[in-house]
Amino acid sequence: MALRRIASALVMRARLSNGDLAELLAQKAETSSGILVRAFRRAARSAFLWPELAADLIAAGRPLTELHGVGPFIAKQLQKWIENPPRDQTKPPSIRRDFLTRADARLILAAKPEWSKRLHGDLQMHTGWSDGSATIAEMAEAARERGYEYIGITDHSKGLKIAGGIDETALAEQAREIAIVNGKMAGSGLTVLRSIEMNLNPRGEGDMDPKSLARLDIVLGAFHSALRTKEDQTPRYLAALRNPAIQILGHPRGRIYNFRLGLKADWPRVFARAARLDKALEIDSYPDRQDLNLALLRIARKEGVRISLGTDAHHAHQLEFIELGLAAALKARIPSDRIVNFMDLARLRRWVRKLRERHR
Ligand SMILES: [Zn+2]
């Protein structure tokens, strides 16, 4: 009996997390060739979405093919690793480091259920107006089901042609559609906010007429160019934060899992300036992004900057990615009064109004 307990304790210690499996899959991709490279890379990314631990499925005798993106071939490989964990697991390289899996996020959030209950809404998502797949009404319905008070529709602006960015005319047309959806949603407790993910150039300048932006409820700005430069980008961040049109800086580093490391800056200085200007930096909660990441969030907490949570959802079901942002903020111990989406709609509007008046 005692021996069995020791044996099971050893198994527990060696148990691989979904993050470990993701890393093993990513490493396997690097030593594979042909179609296997993509198969393993894709499976590595899927591992971040699994709501349960793969090791738990094995323990319960369930097939791993229940997990999103896992076919029989990948399942066999995963099972091998879970039953016989590799001895020397190497640490992920920086391009894959500091990403939470959904299973991690659920564990973190389960330890403090009152945290997630403070969330009033989601401030970054895309619709068919740019590169998203759902309509505004579909996003609103999914948000209502989640019990949100508000969502911000942040389709791309015209400068980002590759993502179907919209111009001032389209933005005005979108306003009419949002008004119709809000009319239908009346009494549901949900308000759809007019917003945008405005493309910022490396000088921190936007690509939209300020008059058109002033009609929006809230404005998110984000960089999409020169994201691979290795030089310090502090001036670009300071310029973006000074831009009077924006209140939130979206996916600040521009990193993407196993694809791009993101920009470098003097982060304490950037966050201190944001705090002084009372602007927010985002946790883009899209699994491949998770930007800001934990390491930077800890600096953000020290500097007292506001943090906004956005899923960057491109489909209605992706609103569930908010768990990753909520968990990262909780783990980094961001005070709840620093989280933009923990404000109710009236307070959110007051904050935006104050920023706009200050800049006038
Ligand atoms: Zn973006």
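I count two residues as in contact when heavy atoms lie within 4.5 Å. With that cut-off, I looked at contacts in the chain between residues at least 6 apart in sequence, and 77% of them join residues at least 24 apart. The model is predicted.

**Entry: overall form**

I listed the secondary structure and found 15 helices and eight strands in the chain. The radius of gyration is 21 Å, close to the 21 Å that the globule rule gives for 360 residues, so the chain is as compact as a globular protein of that length. I took the extent of the C-alpha trace along its principal axes and got about 70 × 50 × 40 Å. For burial, I noted that 52% of the 360 residues count as buried.

**Entry: zinc site**

Which residues coordinate the zinc ion? I found E197 through OE, H224 through NE2 and H251 through NE2, at 1.9 to 2.2 Å. I wrote the sequence spacing of these donors as E-x26-H-x26-H. E197 sits in strand 4 (residues 197–200), while H224 belongs to the loop between strand 5 (220–223) and helix 11 (234–242), so this pair ties together parts that are 27 residues apart in sequence.

E197 has 1% relative accessibility and counts as buried, whereas H224, at 22%, counts as partly exposed. The cut-off for buried is under 20%, so the value of 22% puts H224 in the partly exposed class.

**Entry: pockets**

I looked up the largest pocket and noted a volume of about 370 Å³. Its lining has 18 residues, and R42, R45, S46, L49 and H68 lie nearest the centre. Helix 3 (residues 35–47) gives the most to this lining, with five residues. By class, I recorded eight nonpolar, five polar and five charged residues around the largest pocket.

The second largest pocket holds about 300 Å³ of space. I listed 16 lining residues for the second largest pocket, with D131, H156, L160, H224 and R289 nearest its centre. H224 in that list is also a donor to the zinc ion. The lining of the second largest pocket divides into five nonpolar, six polar and five charged residues.

**Entry: packing of helix 6**

I asked which residues of helix 6 (residues 102–110) are buried. They are R102, A103, A105, I108 and L109. What do the buried residues of helix 6 pack against? I found helix 2 (18–30), helix 7 (113–117) and helix 14 (322–331) as their partners.

I placed I218 in the loop between helix 10 (210–214) and strand 5. I218 is buried, with a relative accessible area of 2%.

I placed A245 in the loop between helix 11 and strand 6 (248–249). With neighbours within four places in sequence left aside, A245 is in contact with M198, L213 and V219. I also looked at A245 and H359, which are 114 residues apart along the chain, and found their C-alpha atoms separated by 8.6 Å.

**Entry: backbone exceptions**

Most residues other than glycine have a negative phi, and most peptide bonds are trans.

The peptide bond from D291 to L292 is cis, with omega near 10°. I placed L292 in the loop between strand 7 (280–284) and helix 13 (294–303).

A226 is not a glycine, yet I read a positive phi of about 50° for it. A226 lies in the loop between strand 5 and helix 11, the loop that also holds H224. I noted A226 as partly exposed, with a relative accessible area of 44%.

N258, also not a glycine, has a positive phi of about 60°. I found N258 in the loop between strand 6 and helix 12 (267–277). Is N258 buried or exposed? At 12% relative accessibility, N258 counts as buried.

Conventions
Residues numbered from 1 in each chain as written. Predicted model: local features only at pLDDT ≥ 70, side-chain atom pairs only at ≥ 80, totals over all residues. Heavy atoms only, no water. 1 Å grid on protein atoms, 1.4 Å probe; cavity = no way out; pocket = protein on both sides within 12 Å on 5 of 7 lines; lining within 4 Å. Points joined across faces, edges and corners; volume = space filled by probe spheres on them. Helix = DSSP H or I, 4+ residues; strand = E, 2+ residues; numbered from the N terminus. Nonpolar A, V, L, I, M, F, W, Y, C, P; charged D, E, K, R; others polar. Donors = N, O, S within 2.8 Å, 3.2 Å for Na, K, Ca; no water. Buried < 20%, exposed > 50% of the residue type's maximum accessible area, 1.4 Å probe, protein only. Rg over C-alpha atoms; globule rule 2.2 N^0.38 Å.
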